[in-house]
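User: Hello! I am new to this structure and would like to learn how to read its side-chain features. Could you show me?

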Amino acid sequence: MKISEYLSRKKAAVIRTSLLFAGAFLLGSLAARSKEHFFPNETGNTPEAVMTAADGNWGLSFQQDGEPPVANASYEELKKYDAYYAENTDEKVIYLTFDAGFENGNTPAILDALKKHSVPATFFVVGTYIENNPDLVKRMKDEGHTVGNHTYHHPDMSQIATKEAFEKELKDVETQYQEITGEEMTKFYRPPQGKYSETNLQMAKEMGYHTFFWSLAYVDWYENDQPTKEEAFDKLLGRIHPGAIVLLHSTSQTNAQILDELLTKWEEMGYTFKPLDRLTAS
């Protein structure tokens, strides 16, 4: 997939989410539930809009720093489909994940920081990433990380109606991974853009996949409009919570620059890091 195509799809997703938020907010106000779509900023008294839930879109509402956000599906609802967005626990554990749609030189620094801290991570990759970056994929595997499935073409999977088309998006990635590494791919799946349907989740389950959303992310994917270190820390330190599945993008220069310090700060807050397969084993 071309970088421009990947970014344009990300931009379109943000625009759709913004429109959906506007509609959801108006409806929520009528129902006297608008507080579910806001959280206090650092001053504690000014509301800040956050991404909200809508059919087919993964959404989160942050109520209080240090606490899990409210998602548009519960732990129990997702569990029926072998799907997760966080662990329901008081233990200070983090599940660190990266989405990789293309490579722009930041992944080596990210892998270096993970290795320094002995932190396991899951990299959800698209098919062309494996094709174009076999050495990085091998390094991920060799250094103890999991390589997960982010589909071959990064489409809106909620719009794929047939089981055959759905399976092809995942199986083509599996084939690429096995050709590169000689091993079968771990059956962990993340829907591109968080787009999903219950039918999709059932299809993934029938293929033997576990689906992973997230409980903490921030806007880090615009290559030419990267957040500052301070902006990144504000979100990633303030909103971290026990059992968090954190989504970062490996294309982010900010993430590459701050990851060593970020991991140190999370460790100083008492957090430890676990691989996603701990969730699937429970």
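Analyst: We will go through charged pairs, one serine and its surroundings, and then the aromatic rings. Please keep in mind that this is a predicted model.

User: Let's start with charges. How many salt bridges are there?

Analyst: The general idea first: side chains of opposite charge can pair when their charged atoms come close. In this structure the count is 14 salt bridges. One of them joins Arg-278 to Glu-87, with the closest N and O atoms 3.2 Å apart. This pair links distant parts of the chain, 191 residues apart: Arg-278 sits in helix H10 (residues 277–280), while Glu-87 is in the loop between strand E5 (83–84) and strand E6 (93–100). Glu-87 and Arg-278 also belong to a network of salt bridges that includes Glu-91.

User: Is Arg-278 buried, exposed or partly exposed?

Analyst: Look at the relative accessibility: buried means under 20% and exposed means over 50%, with partly exposed in between. Arg-278 has 29%, so this residue counts as partly exposed.

User: Which salt bridge does Arg-190 form?

Analyst: Arg-190 meets Asp-99 in a salt bridge, at 2.9 Å from N to O. Arg-190 lies in the loop between strand E9 (188–189) and helix H7 (198–206), and Asp-99 lies in strand E6, so this pair ties together parts that are 91 residues apart in sequence. Arg-190 and Asp-99 are both buried.

User: And what about Arg-139 and Glu-143?

Analyst: Their side chains form a salt bridge too, with 2.8 Å between N and O. Arg-139 is partly exposed, at 21% relative accessibility, and Glu-143 is partly exposed as well, at 28%.

User: Now the serine. Where is Ser-215, and is it buried or exposed?

Analyst: You will find Ser-215 in the loop between strand E10 (210–212) and helix H8 (229–238). Its relative accessible area is 0%, so Ser-215 is buried.

User: Which residues surround Ser-215?

Analyst: Leaving aside residues up to four places away in sequence, Ser-215 touches Leu-60, Phe-62, Pro-69, Tyr-85, Ala-86, His-241, Ala-244 and Ile-245. With His-241 there is also a polar contact of 2.8 Å between the two side chains.

User: How many aromatic pairs are there, and how do I read one?

Analyst: A pair of aromatic rings is described by the distance of the centres and the angle of the planes. Searching the whole structure gives 14 aromatic pairs. For Trp-58 and Tyr-85, the centres are 5.3 Å apart and the planes stand at 55°, so this pair is tilted. Trp-58 is in the loop between strand E2 (47–49) and strand E3 (60–61), and Tyr-85 is in the loop between E5 and E6, so the pair ties together parts that are 27 residues apart in sequence. Trp-58 and Tyr-85 are both buried.

User: What kind of pair do Tyr-84 and Phe-212 make?

Analyst: Their ring centres are 5.3 Å apart and their planes are at 20°, so the pair is stacked. Tyr-84 is in strand E5 and Phe-212 in strand E10, distant parts of the chain that are 128 residues apart. Tyr-84 is buried, at 7% relative accessible area, and Phe-212 is buried too, at 0%.

User: Which residues form a cluster of rings?

Analyst: Ring pairs connect Trp-58, Tyr-75, Tyr-85, Tyr-196, Phe-213 and Trp-214 into a cluster.

User: Which charged residues lie over the face of a ring?

Analyst: Two examples to look for: Arg-239 lies over the face of Phe-62, 4.6 Å from the ring centre, and Lys-265 lies over the face of Phe-233, at 5.6 Å from the ring centre.

Conventions: Residues are numbered from 1 along each chain as its sequence is written. This is a predicted model: local features need pLDDT of at least 70, side-chain atom pairs count only at pLDDT 80 or more; totals for chains, interfaces and linings use all residues. Side-chain values use heavy atoms; hydrogens and water are left out. A salt bridge is a side-chain nitrogen of Lys or Arg within 4 Å of a carboxyl oxygen of Asp or Glu. Helices (H or I, at least four residues) and strands (E, at least two) are DSSP runs, numbered from the N terminus. Buried means under 20% relative accessible area, exposed over 50%, partly exposed in between (1.4 Å probe, protein chains only). A polar contact is a pair of N or O atoms within 3.5 Å; within protein, one must be able to donate a hydrogen and the other to accept it, and residues adjacent in sequence count only if both atoms are side-chain atoms. Contact means heavy atoms within 4.5 Å. Rings of Phe, Tyr and Trp (its six-membered ring) pair if their centres lie within 6.5 Å; planes under 30 degrees apart count as stacked, over 60 as edge-to-face and the rest as tilted. A charge sits over a ring if NZ of Lys or CZ of Arg is within 6 Å of the ring centre and within 35 degrees of the ring normal.
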